[in-house]
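User: I would like to go through the labels used for this model and see what each rests on.

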Amino acid sequence: MLGGNASTLAFVSSLRPEKGQVTAWLVPLAWTPVGVSLGEGWQRVSIAADNIGGWVDQTFPPEDEHAFVTPLRDLEMLLRVGWHAEVPERLTESMLVNAEDVPEDVLDGVEHPLEALTQCAVCRRMCVRDHFAWNERQLCAWDYHATVFGKRGPWHDGPYEERFFETLPRAAYVAPGLLGELDVVPVLAVAALPEDRMRALVNVAIGDGSDGACLAVRTDEGLTVLRERPASVAT
């Protein structure tokens, strides 16, 4: 592994120069509230063999809070011995010769299947395609939570009629850590039950609506109910 940052991971499978250059592979990645996801569509780039360290430092500057790089001495040693391996179809921790230089979050992501990544339509952050889509726009988890679960979201007073369950917001998951600043709390998460039972539980959790506006969300696991905190107890 050469290094990485908030949107890209770089690795080499061979440090045997050809015409003074080595080949590196750039892997898109996304940092999400539930971990790091590596993307499909790797890009191949050529690096001058006598400037690998300079390329790494320039590509992954320390100003990026997610940036990490391989120590130059390790690269120089592998270059001297002409280290070589076949290009993998996907990365795994066991094939990394310098796994100790890679952040734990990235190592966890390496072990998961590759995802289709895209850029958030609002902040341009890399995110997993179709995990969070709203009004035909792909959003990152942060912007989806702020938009859909914010004050202008599709909040509901009182139980849901059956027809409204077909138009619930959809999200891969609800991240409780992103709800605090929105003054929103999760009050129910239900999964692995027949649809009619989950819908009934949603309306039981909502009650008569006297405790504040609620919002039911369909996730990959099932249904989640959120409630706005009353202004008098908001923190």
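Analyst: A nonpolar core is a set of buried Ala, Val, Leu, Ile, Met, Phe, Trp, Tyr and Cys residues joined through side-chain atoms within 4.5 Å. Buried means under 20% relative accessible area, exposed over 50%, and partly exposed in between, with a 1.4 Å probe and protein chains only. The model is predicted: local features need pLDDT of at least 70 and side-chain atom pairs count only at pLDDT 80 or more, while totals for chains, interfaces and linings use all residues. Residues are numbered from 1 along each chain as its sequence is written, and side-chain values use heavy atoms, leaving out hydrogens and water.

User: Which residues have the most contacts inside the largest nonpolar core?

Analyst: They are Tyr144, Phe149, Tyr160, Leu179, Val202, Val217 and Leu226, in a core of 34 residues. At least two residues each come from helix 4 (141-148), strand 11 (184-191), helix 5 (195-206), strand 12 (214-218) and strand 13 (222-228). Strand 12 gives the most, four residues. Helices (H or I, at least four residues) and strands (E, at least two) are DSSP runs numbered from the N terminus. Another core, of 18 residues, lies apart from this one and includes Met1, Leu9, Trp25 and Leu29.

User: What is Phe149 in contact with, beyond its neighbours within four places in sequence?

Analyst: Contact means heavy atoms within 4.5 Å. By that rule the partners of Phe149 are Tyr144, Trp155, Val174, Leu179, Leu182, Val184, Leu215, Val217 and Leu226.

User: Why is Asp183 called buried?

Analyst: Its relative accessible area is 18%, and the limit is under 20%, so Asp183 counts as buried. Asp183 sits in the loop between helix 4 and strand 11, with a positive phi near 60°. Most residues other than glycine have a negative phi.

User: Is Ala192 buried or exposed?

Analyst: Ala192 is exposed, because its relative accessibility is 79% and the cut-off is over 50%. Ala192 lies in the loop between strand 11 and helix 5 and has a positive phi of about 60°.

User: What makes a space a cavity?

Analyst: On a 1 Å grid over the protein atoms alone, a cavity is a set of points where a 1.4 Å probe fits but cannot get out; lining residues have an atom within 4 Å of a point. One cavity of 30 Å³ or more is counted.

Key. On a 1 Å grid over the protein atoms alone, a cavity is a set of points where a 1.4 Å probe fits but cannot get out, and a pocket is an open set with protein on both sides within 12 Å along at least five of seven lines; lining residues have an atom within 4 Å of a point. Grid points are joined across faces, edges and corners, and a volume is the space filled by probe spheres set on the points.
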